[in-house]
Amino acid sequence: MAINNVITNARYIRMTDEALGIIDQIVGIECVFDGVNTTAPIAVGNREYDEIMQQVEAGHITIADDDSEGDEE
Amino acid sequence: MSTLRVDALKSANGNSFILDVAQRNLIDNGDMTIAQRGTSNSGITSAGYYTVDRWETSIGGGGGVGTWTQSQSTDTPEGTANTNGRFMHSLKMECTTADATLSNTESLWIKQTIEAASTDRYLYGTTSAKKSTLSFWVKSNKTGTYNVVWYNLNSGRNRQCIGRYTIDVADTWEKKIITIDGDTEFDYNPRSDPGNPGGGRILRLYFVLASGPGRLNGTVSEGEWQGGDSLTWSHGHTVNLGDTIGNTWYITGVQLEVGENATEFQYHSLIDNFMQCSRYYQRISRDDTYASSPIYTQGVYLGWGQFFSGTQAIIQWPLVVPFKFTPTVTYSDATHINISNDANFNEPSTAIALYNDSLHAAERHARAPYLLFTTVSATNASIGRAYINNSAGWIALGSE
């Protein structure tokens with residue numbers, strides 16, 4: 001697979017909204033995408049999300065699971 | 001006083017006169033006027049949007065094609081380029097690191113993606129499919145034959161059509177016109193993606209600037225639709241714009257219209273042009289022009305919202321027009337955005353994302369996006385606001 005974009009420091013972003021019953025839900029993937037701070041939504045068809053997942057599937061990058069934020073009271 | 005009554009007015013291309021007056025050009029920002037991301041970007045080695053809105057640089061295939069600086073240039077066709085007006089800007093590509101010997105599928109393109117909803121006028125997939133005509137002004141120090149590719153992304157039934165133009169004289173603005181047939185076999189499949197209110201990313205127009213031998217395959221006839229195969233896109237293309245440092249390629253006045261005649265470039269007002277581009281990218285930057293204003297010491301406000309969960313706040317994005325699809329958030333630095341609710345809480349954010357609950361479907365993201373800011377502990381349910389606290393700060397949503 002050709003690498004179209006340079007992606008580094010990828011990690012999941014989570015949120016908790018107890019009023020809606022949402023606990024620690026992944027809402028995006030934060031990364032540096034071609035040198036730009038970026039958070040891609042979890043949405044197939046989104047250009048950045050699709051590229052991130054292609055590189056994950058190809059084994060070029062991994063996504064850290066950051067669960068230290070968003071669920072603290 | 002007399003009254004003129006007619007059944008229909010037709011343009012030179014046989015289309016509705018009213019439609020052609022209002023929406024003749026299917027290309028956004030064809031005169032390269034809008035550049036929300038900036039007017040110059042250097043060190044380009046990979047795909048992305050760098051300067052003028054809606055125009056994507058694609059560099060792909062193994063090792064890429066050298067290194068590039070892209071800019072919104074003021075070098076334009078002079079004088080009587082159009083009787084309707086003049087061009088003030090062009091898109092410029094300049095090679096800063098050469099790659100004289102391209103291998104395999106290494107390639108460089110400048111492209112624009114056009115939404116399916118804009119292509120209904122073509123009547124593709126029917127026996128009445130209409131021709132389309134592309135016109136543009138171009139200049140380069142590299143003479144030779146260049147390819148332009150119409151690519152129809154159609155749910156696994158991709159289609160393509162190759163056009164070509166020749167730069168005859170080096171370093172001279174030339175107007176080029178390419179007309180292709182309509183595709184009677186396949187439509188642009190505009191309703192294939194119900195999750196995408198804009199109708200999907202369907203028609204892409206590629207300007208080929210360099211291509212390795214792996215994309216010169218096959219036999220491709222100009223102006224004829226065939227099955228999509230990116231390995232044939234550069235058949236007949238003779239130029240490697242990346243073979244020498246300092247090579248340049250400029251383009252402006254890009255117009256794609258229904259019919260077999262190239263009409264004069266359709267100018268849009270600045271605000272119309274901006275609104276069209278804003279469907280795909282909206283950016284707020286801190287502009288220190290008014291830094292002396294007392295209120296400005298608080299930075300540039302993005303919007304208001306509410307804290308929840310102890311460490312996060314949702315802030316509504318000040319939407320210009322609906323996005324095509326669920327947007328991506330980009331920003332100078334998360335800490336450049338402060339979150340505050342009162343004088344007792346005013347801290348930089350540590351992470352920014354799109355707020356996403358299970359009820360927030362893609363269409364809602366596109367029409368009413370909320371940003372999710374993570375910061376240090378704050379009082380739940382208090383009203384909060386976000387603002388850009390740094391002179392170099394900016395934040396954007398993009399849905400290209």
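Student: Where does B:R37 lie relative to B:Y281?
Tutor: B:R37 lies over the face of B:Y281, 3.7 Å from the ring centre. A charge sits over a ring if NZ of Lys or CZ of Arg is within 6 Å of the ring centre and within 35 degrees of the ring normal. B:R283 does likewise: its charged end sits over the ring of B:W394, at 4.0 Å from the centre.

Student: Before we go on, what am I looking at?
Tutor: This is a predicted model in which local features need pLDDT of at least 70, side-chain atom pairs count only at pLDDT 80 or more, and totals for chains, interfaces and linings use all residues; side-chain values use heavy atoms, with hydrogens and water left out. Residues are numbered from 1 along each chain as its sequence is written, while chains are lettered from A and ligands numbered from 1 in the order in which they are written.

Student: OK. How many aromatic pairs does the structure hold?
Tutor: A pair of aromatic rings is described by the distance of the centres and the angle of the planes. Rings of Phe, Tyr and Trp (its six-membered ring) pair if their centres lie within 6.5 Å; planes under 30 degrees apart are stacked, over 60 edge-to-face, and the rest tilted. Over all chains there are 19 such pairs. In one of them, B:F87 and B:Y267 have ring centres 5.6 Å apart and planes at 35°, so the pair is tilted. B:F87 is in the loop between β4 (67-73) and β5 (90-97) of chain B, and B:Y267 in the loop between β13 (248-258) and α2 of chain B, so this pair ties together parts that are 180 residues apart in sequence. Strands (E, at least two residues) and helices (H or I, at least four) are DSSP runs, numbered from the N terminus.

Student: Now sheets. What is the strand order in the sheet that has β1(A) and β14(B) in it?
Tutor: Strands of a sheet pair through backbone hydrogen bonds, either parallel or antiparallel. Two strands pair here if DSSP finds at least two bridges between them. The six strands run β1(A)-β2(A)-β3(A)-β17(B)-β23(B)-β14(B), as an open sheet with antiparallel pairing. β1 (7-17) of chain A and β14 (281-285) of chain B stand at the edges with a single partner strand each, so one side of each has no neighbour in the sheet. Twist averages 20° from one strand to the next; axes are lines fitted to C-alpha atoms, for helices over the stretch in contact, and angles run from 0 to 180 degrees between N-to-C directions.

Student: Which strands join the two chains?
Tutor: β3(A) and β17(B), antiparallel, over three bridges. A:N37 stands opposite B:Y331 there. On the chain B side, β17(B) pairs with β23(B) over four bridges, also antiparallel, with B:T328 partnered by B:G398. Five antiparallel bridges then join β14(B) to β23 (residues 394-398) of chain B, and B:S285 stands opposite B:W394.

Student: Which way do the side chains of β17(B) point?
Tutor: In a regular strand the side chains alternate between the two faces of the sheet. In β17(B), B:T328 and B:T330 point one way, B:V329 and B:Y331 the other, and all are buried.

Student: What lies across that sheet?
Tutor: Helix α1 (residues 47-57) of chain A lies across β1, β2 (22-33) and β3 (36-41) of chain A together with β17 (328-331) of chain B, at about 85° to β2(A). Eight of the eleven residues of α1(A) are buried, including A:Y49, A:I52 and A:M53. A:N46 caps the N-terminal end of α1(A), a side-chain oxygen being 3.0 Å from the backbone nitrogen of A:E48.

Student: And helix α2: is B:L270 buried or exposed?
Tutor: B:L270, in α2 (residues 270-278) of chain B, counts as exposed at 58% relative accessibility. Contact means heavy atoms within 4.5 Å, and B:L270 touches B:T33 and B:I34, not counting residues up to four places away in sequence. B:S278, also found in α2, is buried at 0%.

Technical notes:
Buried means under 20% relative accessible area, exposed over 50%, partly exposed in between (1.4 Å probe, protein chains only). A polar contact is a pair of N or O atoms within 3.5 Å; within protein, one must be able to donate a hydrogen and the other to accept it, and residues adjacent in sequence count only if both atoms are side-chain atoms.
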